[in-house]
Each structure stands twice: as structure tokens, then as C-alpha cells.
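Hi everyone, thanks for coming.

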Amino acid sequence: MENMMSKLRNLDAYPKINEDFYSRTLSGGVITLASSIVMLLLFLSELRLYLHAVTESKLVVDTSRGETLRINFDVTFAALPCSILSLDAMDISGEQHLDVKHDIIKKRLDSHGNVIESRPDVIGAPKIDKPLQRHGGRLEHNETYCGSCYGAEAADEDCCNSCEDVREAYRKKGWAISNPDLIDQCKREGFLQRIKDEEGEGCNIYGFLEVNKVAGNFHFAPGKSFQQSNVHVHDLLAFQKDSFNISHTINRLSFGDYFPGVVNPLDGVHWTQDNPSGMYQYFIKVVPTVYTDVSGHTIQSNQFSVTEHYRGTEMGNLQFLPGVFFFYDLSPIKVTFTEEHISFLHFLTNVCAIVGGVFTVSGILDSFIYHGQKAIKKKMEIGKFS
């Protein structure tokens with residue numbers, strides 16, 4: 001037994017020195033204190049990294065298919081009334097969403113940007129007790145109202161009982177309404193008067209679109225949209241205006257759900273129009289993104305980059321549709337972010353490296369200072385130090 005203990009004693013890599021041979025110095029104490037502080041700071045830094053998750057990123061090819069893309073938006077137009085502002089979306093697959101009204105909200109704003117309380121649609125409208133029937137006579141008390149579509153009926157029994165119904169029927173035919181006052185429903189509802197009453201107002205429009213996950217565009221523009229000879233056009237004649245101010249502020253624009261660390265470059269962007277009218281275009285490259293947190297919860301979202309372009313026109317010369325256009329395309333590369341905790345063994349290894357590294361470096365520094373002082377002192381004693 002004693003023989004084995006003796007052999008183990010011989011394996012001791014840390015031979016002990018008798019305290020009688022210790023030589024403590026002031027420089028050694030300073031270095032010990034400084035190295036202890038450094039070790040403590042590095043330890044706390046490593047502990048913080050261990051307690052908090054780190055995010056690892058990776059690029060992979062996006063192989064998903066058949067998915068939809070959610071576009072969240074909140075845009076304010078300082079000088080474009082809500083009554084003439086419309087939202088359209090279309091993609092390269094041929095799918096179109098014209099004059100979108102579902103899942104969006106419009107707020108009327110005054111010239112100072114304050115929200116205006118809702119008011120009846122008929123404000124400013126002339127009072128007409130008996131609307132014009134489809135057959136040409138006025139509505140009698142014992143009749144059911146069926147307004148004329150002014151030649152835009154899809155079937156003989158179709159009725160257009162409001163100005164909006166007539167405009168929608170004209171849109172489906174690819175026609176434009178040149179003078180709304182010639183339409184009984186629009187005159188009765190005070191369509192042009194309402195537009196005049198809202199002159200100088202702005203509009204805040206927000207909500208979301210659910211579109212196919214393919215390249216496409218969505219745009220905010222005045223007038224009802226329709227297809228004419230396979231060309232997308234807007235009916236601007238009804239407003240009897242030569243120019244439209246599309247100055248706007250993008251309060252928020254995102255593709256998909258929020259995830260930690262996402263930066264949407266168009267949030268808070270403001271643009272003021274100098275020309276009488278024009279087209280403002282944003283060209284967006286959407287990058288699919290998957291974010292997985294430490295609990296394993298996955299968020300399917302997107303990031304994007306953007307470039308901008310503006311095309312202006314002169315007064316009364318509308319060469320192209322005035323509005324704000326967002327053209328988006330999708331990247332074939334997907335970014336994945338994964339939150340992970342550092343393993344305890346990795347943390348322990350780093351702590352040992354910190355303690356051993358600082359201890360070794362401080363030992364080398366102490367030895368250098370100690371022997372340097374000793375050599376200088378010896379030379380001073382023999383008078384050779386000058």
C-alpha cells in the first residue's frame with residue numbers, strides 16, 4: 001500500500017514549495033489583483049453568453065411551394081382623400097385583386113394629420129325622393145327599386161341601386177364614367193360634391209394582403225381599376241382633376257410576421273411630391289426567412305431590400321397612372337436563424353481557458369518584472385547601472 005502511495009506521489013505534477021522559500025513582492029501583489037479583476041470580468045462575460053441564447057444563421061435553397069405571402073402595410077397619404085384612393089394587387093400568375101376592400105381600414109385625415117370623425121355618405125348630396133328606375137320612370141311607393149346600370153348590365157335583370165354599383169358594373173365592362181352627374185345614382189348620392197368636400201384631406205390606409213408567393217405588385221392609386229385590352233387602367237375621368245398629389249409616409253411595411261431582430265427598411269419613410277403628378281415605384285427583393293427560438297417555436301417570415309424610382313409628369317399630361325407602386329420579387333435563397341444555448345461543457349472549457357490563460361500570462365509578466373528588478377538592483381549595487 002505504501003509502495004503504491006509512493007508511486008502516486010511521484011506522479012504529482014504540482015510539487016509544493018515550502019513557505020520559507022516564498023518571496024512576496026509589491027509588483028506581484030499588483031499583478032495578482034489586476035489578473036483577478038480581468039479573470040472576473042472575463043468570467044462574467046462568458047457567464048452572460050452562457051445564460052443568453054446565441055443566434056446562428058444559415059443560407060439554404062428555398063424549396064417551399066404552394067405557400068401564400070402576407071403583406072402588412074400602413075401608409076398615410078397627406079393629400080389624397082380616402083374616397084378616391086384604391087388598392088390593387090396582381091402577380092405574374094395572372095391573379096388580380098382589384099379595388100381591395102377586405103382586411104383593410106381607411107381613416108380620413110385633415111390637413112394637420114388628425115383623424116376626422118365619420119360622416120354620412122350623403123352629406124352635400126341633393127335631396128331626390130324618387131330615384132330613377134331602370135325602365136326610366138321614377139320610383140313609386142308600391143314599387144321595388146331597381147336602378148339602371150346604363151348599359152353595363154351583365155344580364156337583363158341586373159340592378160345598380162347605388163353609384164358604387166354603377167361604377168363596379170362599368171369596371172367589369174372595362175368602361176370609364178366621364179361625368180358622374182349624368183348617372184342618377186351618383187348625382188343623388190352627391191358623388192362629385194363629396195369629392196369636393198374632401199378636397200385637401202388625407203387618408204391613412206392600413207391592413208394586410210394575402211397573395212400568392214410569386215413575383216407581383218400592389219399599388220395605391222386614385223380611381224377604380226379595370227382591364228381594357230389586357231391593360232390595367234384606372235378611371236380618373238370621374239374625378240375631373242388634372243393632378244393628384246401622392247406624397248406619402250410608409251408607417252409600416254412588412255412581408256410576414258415579426259421576428260426578433262428583423263429590420264424593415266421602409267418603416268418611417270416619407271416622400272413629398274414636387275411635380276403636379278407622378279408615379280413612385282419601390283422595387284423590393286423579398287428574402288424568405290425562418291426564425292426558430294430556443295423553445296423550438298418556428299416563425300415563417302421574410303426580410304427585404306428595396307430600391308426606389310420616381311417618374312414625374314407635367315400638369316394635365318397624365319402619361320402614366322399616378323400612384324405608389326410596390327413591385328416585389330422573391331429570392332431563391334432562404335435565411336434560417338436558430339437560437340441556441342451554449343452547452344455547459346463548452347462554458348466550462350471557456351472558463352478553464354480564461355483562468356489558465358490569465359494565470360499563465362500574469363505569471364510570465366510577474367517573472368519578467370521580478371527578474372528585471374533583480375538585475376537592475378544587482379547592477380546598482382556594483383555601480384554599473386547608469
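Let's start with K213 and D62, whose side chains meet in a salt bridge at 3.8 Å, N to O. By salt bridge I mean a side-chain nitrogen of Lys or Arg within 4 Å of a carboxyl oxygen of Asp or Glu. This pair links distant parts of the chain: K213 sits in the loop between β6 (202-212) and β7 (216-222), and D62 in the loop between β1 (54-61) and β2 (68-77), 151 residues apart. Strands here are DSSP runs of E, at least two residues, and helices are runs of H or I, at least four, numbered from the N terminus.

A quick word on the model. It is predicted, so local features need pLDDT of at least 70 and side-chain atom pairs count only at 80 or more, while totals for chains, interfaces and linings use all residues. Residues are numbered from 1 along each chain as its sequence is written, and side-chain values use heavy atoms, leaving out hydrogens and water.

Back to K213: its side chain also meets E67 in a salt bridge, at 3.1 Å, N to O. E67 lies in the loop between β1 and β2, so this pair ties together parts 146 residues apart in sequence.

Is D62 buried or exposed? D62 is buried, at 18% relative accessible area, where buried means under 20%, exposed over 50% and partly exposed in between, with a 1.4 Å probe and protein chains only. E67, at 36%, counts as partly exposed.
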